[in-house]
Amino acid sequence: DLLVVGSANADLVIAVERRPGAGETVLGSDLAVHPGGKGANQAVAAARLGARTALLARVGADDHGRLLLDAQRAAGVDTVGVLVGGAPTGVALITVDPSGDNSIVVSPGANALLTPADVRAAASLFHASQVVSAQLEIPLETVAEVVRCLAPGSRFVLNPSPPRSLPGDVLAACDPLVVNEHEARVILGEACVSDVPEDWARLLLAKGPRSVVVTLGAEGALVASREGLARVPSVRVAAVDTTGAGDAFTAALAWRLGAGEPLTRAAAYAARVGAAAVTRAGAQESYPTAGEVEGTAAG
Ligand code: ADP
C-alpha cells in the first residue's frame, strides 16, 4: 500500500483580467473552489490509478475540510488518517490572469498542526505501507518524524515543495528525492552553478539521497542513482493546465516503486501520468485512471 503524508488545501480561484497591485482592487470571475494541496493531490492521483492509498493529513472542521474528505473518498482513498479540527482547513487564494500567470497566497491552517505526535499515532498505516510519500507543505519536524516511523524495508519518496534546505537524515532517507527545476535550484543553493539538469542530479545525489528524479516539464524527467543517470522520455501532448502535474508524477512514481518496478521504468510510467494530467484543467479533476494512461504512448 501507499501512504501519503502531507497537506490538504482548498484552492479558491478567481480569474482576473489583471492581477492587482498593492492597494488595488480588481473585479474577477465567480469564485471556484477546488480540492488541492500536494498531499491530497498525490493521494487522489495514486488512488485514481488503482493504488491502495491512505492519506495522513489534517483539515479543519469546516466546509473546506468536508470538500477535501469527499474528494478523497470519491477517489477511493482510505481517510482514517485524515485528522479533523484545531484550525481552519488550509487555503490557497489564487488569482489567475488570461496569460495563465497567477498570484497565490497560502494559509496553512490545519496543515501547520499536523504534528510528529500525529505521525507516531498512525503507526498502523506505516506498517501497512511499502512506500511513504511526503512533501513540505506540513511542518519539517513532522516530515522528519515520518522518516523515523518508516516500517523496516519500506521506501520513502519526498517532493521537497515548497523547497527549503533539508536535514541530513531526511535527505538520506529519500529514494528518490523528486524535484522540478525550481526545487533543484533552491535545494542546491550556491552549489547550483550549472544550467544542465544532469549536473543538478549529480550534485543532489552528492547530498545523500539514495536516488534523485528531476522532472523537466514537457522535456520529461531525469533519473539518477549510484548506478548512473538516465533520461526519461516525455510524452508529447497539448498542454491545457499544468497545475498538479508534479503531484501526479510523484504519486504514480511512488505507486510503481511500491509494486517493485525499477526506478527508470517507474519514472517512465509517471511521465505518462504527468502528461495525461496536463491535458485537462485542474489538479485532482485532471488525474487519469490507469486505463486512460494505457491510451498514451511515449514519443
Ligand atoms: P511541476 O508540476 O512540479 O512543476 P513539472 O512541470 O516538471 O513539475 O511536471 C512534472 C511531470 O509532468 C513532468 O516530468 C512530465 O512528465 C509531465 N509534464 C509536465 N508538463 C508537461 C507537458 N507540457 N507535456 C508533457 N508532459 C508534461
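Two residues are taken to be in contact if their C-beta atoms, placed from the backbone, lie within 7 Å. By this criterion, alanine 252 is in contact with Ala45, Leu49, Tyr269, Ala270 and Val273, leaving aside its neighbours within four places in sequence. The contacts reported here come from a predicted model.

The chain contains 11 helices and 13 strands. The C-alpha atoms fill a box of roughly 55 × 40 × 40 Å along the principal axes. The radius of gyration is 18 Å, which agrees with the value near 19 Å that a compact globule of 299 residues would have. Of these 299 residues, 49% count as buried. Among contacts with a separation of 6 or more, 68% are between residues 24 or more positions apart.

The largest nonpolar core has 88 residues, and Ala46, Ala252, Leu253 and Ala267 touch the most other members. Helix H10 gives the largest share of this core, with 12 residues. In soluble globular proteins, nonpolar side chains tend to be buried together.

Valine 232 is found in strand S13, which spans residues 228-232. With 24 other C-beta atoms within 10 Å, valine 232 is buried, because 20 or more are required. Not counting residues up to four places away in sequence, valine 232 touches Gly220, Ala221, Leu222, Val223, Thr264, Ala267, Ala268 and Ala271. Of these partners, Ala267 is also one of the core residues that touch the most other members. Valine 232 and valine 143 are 89 residues apart in sequence, and their C-alpha atoms are 28 Å apart in space.

The ligand is surrounded by 19 residues, of which Thr215, Ala218, Gly246, Ala271 and Gly274 are the closest. Helices H9 and H10 (263-278) each supply at least two residues of this shell. The largest share, four residues, comes from H10. By residue type, the shell divides into 11 nonpolar and eight polar residues, with no charged ones.

In an unreviewed UniProt entry, Asp247 is listed under "active site". The "binding site" positions listed by UniProt, also in an unreviewed entry, are Asn9, Ala10, Asp11, Gly37, Lys38, Gly39, Ala40, Asn41, Glu137 and Asp247. Aspartate 247 is found in helix H9, residues 245-258. This aspartate has 31 C-beta neighbours inside 10 Å and therefore counts as buried. Beyond four places in sequence, aspartate 247 touches Lys38, Asn41, Gln42, Ala45 and Ala283.

Lysine 38 lies in helix H1, which covers residues 38-49. The lysine counts as buried, with 28 C-beta neighbours inside 10 Å. Apart from neighbours within four places in sequence, lysine 38 is in contact with Gly6, Ser7, Gln135, Glu137, Asn159, Ser161 and Asp247.

Asparagine 9 lies in strand S2, residues 9-15. With 28 C-beta neighbours inside 10 Å, asparagine 9 counts as buried. The contacts of asparagine 9, leaving aside neighbours within four places in sequence, are with Gly36, Gly37, Gly90, Val91, Ala92 and Val106.

The bond from serine 161 to proline 162 is cis, with omega near -5°. Proline 162 is placed in the loop between strand S9 and helix H6 (168-173). Serine 161 is also among the contacts of lysine 38. A cis peptide bond also joins aspartate 175 and proline 176, where omega is about 10°. Proline 176 is found in strand S10, residues 174-179. Most peptide bonds are trans.

Alanine 151 is placed in the loop between helix H5 (140-149) and strand S9 (155-159). The alanine is partly exposed, with 15 other C-beta atoms within 10 Å. Not counting residues up to four places away in sequence, alanine 151 touches Phe126, His127 and Ser129. Alanine 151 and proline 176 are 25 residues apart along the chain, and their C-alpha atoms are separated by 17 Å.

Notes:
Residues numbered from 1 in each chain as written. Predicted model: local features only at pLDDT ≥ 70, side-chain atom pairs only at ≥ 80, totals over all residues. Rg over C-alpha atoms; globule rule 2.2 N^0.38 Å. Buried ≥ 20, exposed ≤ 12 C-beta atoms within 10 Å, placed from the backbone. UniProt positions renumbered as here; feature names shortened; annotations may be inferred. Near = placed C-beta within 6 Å. Nonpolar A, V, L, I, M, F, W, Y, C, P; charged D, E, K, R; others polar. Core = buried A, V, L, I, M, F, W, Y, C linked by C-beta atoms within 7 Å.
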